[in-house]
Amino acid sequence: MTTDTLTLPAPAKLNRLLRITGQRPDGYHELQTLFQFLDHGDELSLTLRRDGEIRLVPSLPGVSAEQNLVVRAARLLQSETGCRSGVDMSLTKRLPMGGGLGGGSSNAATALLGLDRLWGLGLHEDRLAELGLRLGADVPVFVRGRSAWAEGIGERLTPVALDTPWFVVVHPGIPVPTAAVFGAAQLTRNTPPITMARALQGGASSWRNDCEPTVRLLYPEVAEVLDWLGARAPAMLTGTGACVFAWVDSETEAKRILTNLPCRFTAFKARGLNLSPLHAALDG
Ligand SMILES: C[C@](O)(CO)[C@H](O)COP(=O)(O)OP(=O)(O)OC[C@H]1O[C@@H](n2ccc(N)nc2=O)[C@H](O)[C@@H]1O
Ligand SMILES: Nc1ncnc2c1ncn2[C@@H]1O[C@H](COP(=O)(O)OP(=O)(O)OP(=O)(O)O)[C@@H](O)[C@H]1O
């Protein structure tokens with residue numbers, strides 16, 4: 001049976017570890033990272049149009065529909081496949097922009113997989129991941145939908161099963177643009193690469209984010225969150241920030257931390273997942 005409307009999750013990701021091991025001639029940084037999904041995120045609704053038009057209503061504050069990654073994903077899919085269908089999209093945004101939670105990238109992956117289904121394209125996951133990479137370095141992991149060890153700029157992925165604790169994710173109330181952190185002179189760019197086995201063996205207590213010292217320096221609001229949350233549980237930056245996450249043993253402990261949150265911060269609790277809720281929804 002075919003359907004004319006799909007409503008799908010676009011989950012957040014965390015970088016449980018992030019090492020910057022080099023820089024390519026085109027300026028992009030080579031990373032080693034562990035990606036994990038959360039059971040918290042945005043939601044994208046897709047309704048088939050037969051006239052080929054692609055619409056997003058309403059658009060996000062500060063991002064025109066044309067720039068929005070879901071519209072760009074839909075156009076890319078149309079131009080690559082010659083598909084003549086269109087779509088009406090609406091996005092329920094819960095993830096902060098410039099938060100390091102991969103919100104825009106996740107939205108793009110949900111659009112790619114959702115439209116592949118809605119338009120009956122039947123593209124292979126490898127092809128969708130390749131198209132996703134053209135939209136952003138973080139898109140392929142959301143297309144693949146498994147927790148992963150990532151290398152390259154984040155596109156060389158090996159699925160892994162990570163521990164799935166409860167997380168408290170705190171946003172300092174300011175965005176941190178990814179390009180500003182990767183462009184900072186003082187950023188560490190020469191961390192020696194390690195094997196995936198060694199990274200996993202070390203466990204969460206050994207995992208670090210190489211962006212953290214630079215982000216601390218450039219964004220005192222993020223440093224404040226790292227100090228506040230770090231005093232209550234082990235805490236780290238995700239991606240290039242602005243969000244900071246801590247892992248705890250139980251939902252009760254997560255709630256306890258949230259109860260005392262200073263009102264200048266916003267926060268949520270979520271469970272770590274090794275399978276993306278997008279894939280669970282599409283397979284269910
Ligand atoms: C920091 C991470 O979130 C870790 O998961 C990602 O590497 C960022 O991925 P993303 O947000 O999809 O990034 P993109 O939209 O591809 O790139 C934004 C900008 O960040 C810089 N950039 C990004 C990724 C990377 N590996 N090296 C970079 O130097 C580039 O200047 C690029 O123009
Ligand atoms: N659907 C979208 N949702 C959010 N941002 C979008 C979207 N489409 C385009 N953008 C642009 O992408 C920028 C980065 O947004 P995003 O939420 O992906 O940042 P992020 O969480 O820091 O990502 P990452 O973890 O990949 O660095 C935004 O500032 C916005 O200009």
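Trainee: Which element gives the largest share of the shell around ligand 2?
Mentor: The largest share comes from helix H2, which supplies 4 residues of that shell, and please keep in mind from the start that we are looking at a predicted model.

Trainee: How many residues surround ligand 2, and which are the closest?
Mentor: The shell holds 19 residues, and the closest are Leu-69, Gly-103, Gly-104, Asn-107 and Gly-239. The elements that give two or more residues to this shell are helix H1, covering 69-81, and helix H2, covering 103-118.

Trainee: And how do those shell residues divide into nonpolar, polar and charged?
Mentor: Around ligand 2 there are 13 polar residues, 5 nonpolar ones and 1 charged one.

Trainee: Then let's talk about the domains, how far apart are their centres?
Mentor: The C-alpha centres of domain 1 and domain 2 lie 22 Å apart, and the contact takes 28 residues from domain 1 and 34 residues from domain 2.

Trainee: Which elements give two or more residues to the side of domain 1 that touches domain 2?
Mentor: Those elements are strand S1, which runs over 5-23, and strand S2, which runs over 29-49. Strand S1 gives the most to that side, with 10 residues, and by class the side has 12 nonpolar, 13 polar and 3 charged residues.

Trainee: Can we pick out a residue of S1? Is Gly-22 buried or exposed?
Mentor: Gly-22, which is found in strand S1, is exposed, with 12 other C-beta atoms within 10 Å. The cut-off to remember is that a residue counts as exposed with 12 or fewer such atoms.

Trainee: What does Gly-22 touch, leaving out residues up to four places away in sequence?
Mentor: On that basis Gly-22 touches Glu-30 and Arg-189. The C-alpha atoms of Gly-22 and Pro-193 are separated by 9.1 Å, while the two residues are 171 residues apart along the chain.

Trainee: And Thr-158, buried or exposed?
Mentor: Thr-158 has its place in strand S6, residues 156-159, and it is exposed, with 11 other C-beta atoms within 10 Å. Not counting residues up to four places away in sequence, Thr-158 touches Ala-148, Trp-149 and Met-196, and its C-alpha atom is separated by 9.6 Å from that of Leu-34, which is 124 residues apart from it along the chain.

Trainee: Changing topic to helix H8, which of its residues are buried?
Mentor: In helix H8, which covers residues 220-230, the buried ones are Val-222, Val-225, Leu-226 and Leu-229. Seen down the axis of H8, its buried residues fall within an arc of 100°, so they line one face of the helix.

Trainee: Why would residues a few places apart in an α-helix point the same way?
Mentor: An α-helix has 3.6 residues a turn, so residues three or four places apart point the same way.

Trainee: What do the buried residues of H8 pack against, and what is on the face turned away?
Mentor: The buried residues pack against strand S7 (166-171), helix H7 (212-218), strand S8 (235-237) and strand S9 (244-248). The face of H8 turned away from its buried side carries the exposed residues Pro-220 and Asp-227.

Trainee: Last one, what does the protein look like overall, say how many helices and strands?
Mentor: The secondary structure comes to 10 helices and 10 strands, and 42% of the 284 residues count as buried. The C-alpha trace spans about 55 × 45 × 35 Å along its principal axes. With 284 residues, a compact globule would have a radius of gyration near 19 Å, and the protein has 19 Å, which agrees.

Definitions and conventions: Residues are numbered from 1 along each chain as its sequence is written. Chains are lettered from A and ligands numbered from 1 in the order in which they are written. This is a predicted model: local features need pLDDT of at least 70, side-chain atom pairs count only at pLDDT 80 or more; totals for chains, interfaces and linings use all residues. A residue is near a molecule or strand if its C-beta atom, placed from the backbone, lies within 6 Å of it. Ala, Val, Leu, Ile, Met, Phe, Trp, Tyr, Cys and Pro count as nonpolar, Asp, Glu, Lys and Arg as charged, and the others, Gly among them, as polar. The radius of gyration is taken over C-alpha atoms; the globule rule is 2.2 Å times the number of residues to the power 0.38. A residue is buried if 20 or more other C-beta atoms lie within 10 Å of its own, exposed if 12 or fewer, and partly exposed in between; C-beta atoms are placed from the backbone. The arc is that of the directions from the helix axis to the C-beta atoms. Two residues are in contact if their C-beta atoms, placed from the backbone, lie within 7 Å. Domain bounds come from an automatic or database domain assignment.
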